[in-house]
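Please open the model in your viewer and keep the selection panel at hand. The stops below proceed from a pocket to the helix pairs.

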Amino acid sequence: MTSFQVNLIRWGSAFVVLLGVWISFRTIRLIAELKQPERTPKTNMFPSWYLCPSLVTGKWILVFLGIFLLNYGSAGLTNYAVLNLELFLYQTLISVGPLYAMPVLWLMTGERVSFRGTLGTLVAVSGLVILCLQELIR
């Protein structure tokens with residue numbers, strides 16, 4: 001099996017289970033509302049955590065695209081890298097998160113990155129450079 005097939009089984013089964021839970025709760029709630037007489041006030045017997053928010057179609061497409069890229073694409077590419085790359089190259093790839101997270105934070109929120117955040121990223125990257133150089137010298 002490839003890493004993408006493993007992720008498809010993993011996330012596909014999670015989707016099926018969550019869909020089953022959602023359908024069960026919706027069905028139980030609808031049956032309870034139908035059995036309740038009209039003159040009695042409706043009580044909220046069930047929590048509403050399983051109800052989907054009301055979003056326009058464009059927003060739902062962005063939500064599903066983000067879920068797909070994060071859960072399926074990222075995990076699949078990470079597993080592929082673990083199986084096919086040298087360990088130091090894999091470590092380099094998964095350690096660059098802060099390098100692109102800081103500019104994205106600034107672009108999306110306008111929040112300036114603190115000096116401590118920048119310093120922490122530089123320390124992490126310099127440690128990674130030392131590890132990579134050590135592997136290349138061997």
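**Stop 1: the largest pocket**

Begin by selecting α1 (3–35) and α2 (57–84), each of which supplies at least two residues of the lining of the largest pocket. Helices here are DSSP runs (H or I, at least four residues), numbered from the N terminus. This is a predicted model, in which local features need pLDDT of at least 70 and side-chain atom pairs count only at pLDDT 80 or more, while totals for chains, interfaces and linings use all residues. Residues are numbered from 1 along each chain as its sequence is written, and side-chain values use heavy atoms, with hydrogens and water left out.

Next, select Ala14, Phe15, Leu18, Phe64 and Ile67, which lie nearest the centre of the pocket among its 21 lining residues. A pocket is an open set of points on a 1 Å grid over the protein atoms alone where a 1.4 Å probe fits, with protein on both sides within 12 Å along at least five of seven lines; lining residues have an atom within 4 Å of a point. Its volume is about 750 Å³, a volume being the space filled by probe spheres set on the points, which are joined across faces, edges and corners.

Which helix gives the most to this lining? It is α1, with 10 residues. Colouring the lining by class shows 18 nonpolar, 3 polar and no charged residues (Ala, Val, Leu, Ile, Met, Phe, Trp, Tyr, Cys and Pro count as nonpolar, Asp, Glu, Lys and Arg as charged, and the others, Gly among them, as polar).

**Stop 2: α1 against α2**

Keep α1 and α2 selected: their axes come within 8 Å and cross at roughly 145°. Axes are lines fitted to C-alpha atoms over the stretch in contact, and angles run from 0 to 180 degrees between N-to-C directions. The contact (heavy atoms within 4.5 Å) includes Phe4 and Trp11 of α1 and Tyr72 and Tyr80 of α2. By class, this contact has 7 nonpolar, 5 polar and no charged residues.

**Stop 3: α3 against α5**

Move to α3 (residues 87–94) and α5 (residues 115–137), which pack at an angle of about 165° with their axes 9 Å apart. That angle makes α3 roughly antiparallel to α5 (angles over 145 degrees count as such). Show Phe88, Gln91 and Thr92 in α3, which meet Leu128, Cys132, Glu135 and Leu136 in α5. This contact has 4 nonpolar, 2 polar and 1 charged residues.

**Stop 4: α4 against α5**

The meeting residues are Pro98, Leu99 and Met102 of α4 and Gly117, Thr118, Thr121 and Val125 of α5.

Notes. Angles under 35 degrees count as roughly parallel, over 145 as roughly antiparallel, 65 to 115 as roughly perpendicular and the rest as oblique.
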